[in-house]
Amino acid sequence: MSRPADQIFLRIAVQRGCLTREQAEAVQRELKQRASRGDVTKARHLCVQVGMLSTEDARTIKHEVRAGDPTL
């Protein structure tokens with residue numbers, strides 16, 4: 001299961017038009033596969049790593065996630 005922050009991050013990325021729903025679903029699947037191998041990463045890192053988001057877009061969305069829930 002993915003982290004709540006990853007789910008929120010991907011939802012915001014789709015809402016902003018930075019990712020398609022299909023891309024977000026692909027990221028979710030990849031996160032799950034990596035976690036099953038013990039390779040845990042964050043959605044924003046994976047999106048940047050595979051070229052779906054720029055570092056700046058990922059950073060901006062991360063700040064939106066944190067603004068919505070300061071515990072994340």
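This passage describes how helix α1 packs against helices α4 and α2 in a predicted model. Residues are numbered from 1 along each chain as its sequence is written, and side-chain values use heavy atoms, with hydrogens and water left out. In this predicted model, local features need pLDDT of at least 70 and side-chain atom pairs count only at pLDDT 80 or more, whereas totals for chains, interfaces and linings use all residues.

Two packed helices are described by the angle between their axes and the distance between the axes. Helices (DSSP runs of H or I, at least four residues) are numbered from the N terminus. Axes are lines fitted to C-alpha atoms over the stretch in contact, and angles run from 0 to 180 degrees between N-to-C directions.

Helix α1 (residues 4–15) packs with helix α4 (residues 55–68) at an angle of about 120°, the axes being 9 Å apart. The two helices are therefore oblique, a term for angles that are not under 35 degrees (roughly parallel), over 145 (roughly antiparallel) or 65 to 115 (roughly perpendicular). In the contact (heavy atoms within 4.5 Å), Ala5, Ile8, Phe9, Ile12 and Ala13 of α1 meet Ala58, Ile61, Lys62, Glu64 and Val65 of α4. These residues comprise eight nonpolar, no polar and two charged; Ala, Val, Leu, Ile, Met, Phe, Trp, Tyr, Cys and Pro count as nonpolar, Asp, Glu, Lys and Arg as charged, and the others, Gly among them, as polar.

With helix α2 (residues 21–36), α1 crosses at roughly 160°, and the axes come within 9 Å. The pair is therefore roughly antiparallel. Here Asp6, Gln7, Leu10 and Val14 of α1 meet Arg21, Ala24, Val27, Gln28 and Leu31 of α2. This contact has five nonpolar, two polar and two charged residues.
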